[in-house]
Amino acid sequence: MGSRSPNHLGDSLRKIRAGREPARKTGGVWGFSGEGFDRMTMPEGSEAATKREIHSLPSTINEDQIKRVISVTGNLPPVPHVAAKMMELVGKEDTSVRDLQKVISADPALTARILKMANSVFYSFDQKISTLSHAIVVLGFRAVQSMAIAASSRSLFVKKGAQFGLKEKLLWEHSIGVAMGCRQVARTVGYEAEETAFIVGLLHDIGKAVLNQVVPKKYGKIVEKVYNEGRSFADVETEMLGFDHSHIGALIAQKWNFDWEMVETIAYHHRPEAEEGASTLAAILAVSNHICKRMGVGLEKAPENDQLAESWAARTLGLEEGALVEIQGILEGVLEEEKKLYDM
Ligand SMILES: [Fe+2]
Ligand SMILES: [Fe+2]
């Protein structure tokens, strides 16, 4: 499970990272700090810091594609405020339930969501959980953090003040579905970093949301082509823009200071088997993404007889068709219930 050496990039990437201070000290849980793009911190002298200092990116992305991304999207979005606060707190060793409670309770909608989540079927606790502190204790810091990140990420799917239309709803539904699917696949295969898998699932297609915001008309055409011609997003986007949403996703993951494995997993999510030393995380994402397509969660559908069990990802995880069907069954039940938490 190694990772390849990163790509060295110069001026164009620096433009994306404009305003960012040089790496200084340690970051948060997933290797990112909680303060977002402008005040990002990294462990001094660490391998990750070195990679960032040389402006690294997965080798799927070349200089030309970055220039195109910048010319289309301009500045990439910063970490949403609540998510940034949560990352900061969970990344600190001495964070208490009370600290977390303070940040969450300032957002009544998030508080209500977390309480609902704690009482949802996914967790199936015997007793009713009615206080925020109890919810944090039973769900755990990481799950509460994922919830906050998921809830605040919704804003990235729609322009301020604009309507959450059908396209946005389907993109959002797919992200939440894949995030929950990743958590379930992780649970099934005994992959410990369930919440990392959740976040990767949540943000793997964030590039679609960004494109839909910055070039809505063009993206409408792309969606139409995908839908009518049964082609993949990556295919149509490359044809019309010269890059695809996985490039934007990887740039955002990098900008938000996610750890390298997460950046690469997002960068390669359409052809994980092409990634040298592809990780378990990449396989989890691929399986969950595919199961969601089987379920019709989002805009793309999997073909019948899709032979998922024969794919690199399912074989890597040792998941046969029976196990995949079982995961899908669990996900269908959970998603129906959890949809309510995410305004879907
Ligand atoms: Fe994708
Ligand atoms: Fe996807």
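Colleague: In which loop does Asn 305 lie?

Modeller: Please bear in mind that this is a predicted model. Phi of Asn 305 is near 50 degrees, a positive value in a residue other than glycine. As to its place in the chain, Asn 305 lies in the loop between H16 and H17.

Colleague: How far apart in space are Asp 306 and His 290?

Modeller: Asp 306 is found in the loop between helix H16 (280-295) and helix H17 (312-317). Asp 306 is partly exposed, with 13 other C-beta atoms within 10 Å. In sequence, Asp 306 and His 290 are 16 residues apart, and the distance between them in space, C-alpha to C-alpha, is 9.2 Å.

Colleague: Is Asn 257 buried or exposed?

Modeller: Asn 257 has a positive phi of about 65 degrees although it is not a glycine, and it lies in the loop between H14 and H15. A residue counts as buried if 20 or more other C-beta atoms lie within 10 Å of its own. Asn 257 has 27 of them within 10 Å, so it is buried.

Colleague: Which residues of H10 meet Met 262, Thr 265 and Ile 266 in H15?

Modeller: The axes of helix H10 (residues 194-203) and helix H15 (residues 260-267) come within 10 Å and cross at roughly 40 degrees. This crossing of H10 and H15 is right-handed. On the H10 side, the residues that meet those three are Thr 196, Val 200 and Leu 203.

Colleague: How do the residues of the contact of H10 with H15 divide into nonpolar, polar and charged?

Modeller: Both helices contribute to this contact, with Val 200 and Leu 203 among the residues from H10 and Met 262 and Ile 266 among those from H15. The division is four nonpolar, two polar and no charged.

Colleague: Which residues does Ala 253 touch, not counting residues up to four places away in sequence?

Modeller: The largest nonpolar core has 89 residues, and Ala 253 is one of those that touch the most other members, as is Val 200. In general, nonpolar side chains tend to be buried together in soluble globular proteins. With residues up to four places away left out, Ala 253 touches Leu 203, Phe 258, Met 262, Val 263 and Ile 266.

Colleague: Why are the buried residues of H13 on the same side of the helix?

Modeller: The buried residues of helix H13 (residues 233-241) are Phe 233, Glu 237 and Leu 241. They lie on the same side of H13 because the arc they cover around the axis is only 25 degrees.

Colleague: Which helices are included in what covers the buried residues of H13?

Modeller: Just after H13, Gly 242 takes a positive phi of about 90 degrees. The cover over the buried residues of H13 includes helix H3 (63-73), helix H11 (206-214), helix H12 (216-229) and helix H14 (245-255).

Colleague: How many helices and strands does the chain have?

Modeller: Of the 344 residues in the chain, buried residues make up 45%. The secondary structure of the chain comes to 18 helices and two strands.

Key:
Residues are numbered from 1 along each chain as its sequence is written. Chains are lettered from A and ligands numbered from 1 in the order in which they are written. This is a predicted model: local features need pLDDT of at least 70, side-chain atom pairs count only at pLDDT 80 or more; totals for chains, interfaces and linings use all residues. Axes are lines fitted to C-alpha atoms, for helices over the stretch in contact, and angles run from 0 to 180 degrees between N-to-C directions. Helices (H or I, at least four residues) and strands (E, at least two) are DSSP runs, numbered from the N terminus. A crossing is left-handed if the near helix is turned anticlockwise from the far one by less than a right angle, and right-handed if clockwise. Two residues are in contact if their C-beta atoms, placed from the backbone, lie within 7 Å. Ala, Val, Leu, Ile, Met, Phe, Trp, Tyr, Cys and Pro count as nonpolar, Asp, Glu, Lys and Arg as charged, and the others, Gly among them, as polar. A residue is buried if 20 or more other C-beta atoms lie within 10 Å of its own, exposed if 12 or fewer, and partly exposed in between; C-beta atoms are placed from the backbone. A nonpolar core is a set of buried Ala, Val, Leu, Ile, Met, Phe, Trp, Tyr and Cys residues joined through C-beta atoms within 7 Å. The arc is that of the directions from the helix axis to the C-beta atoms.
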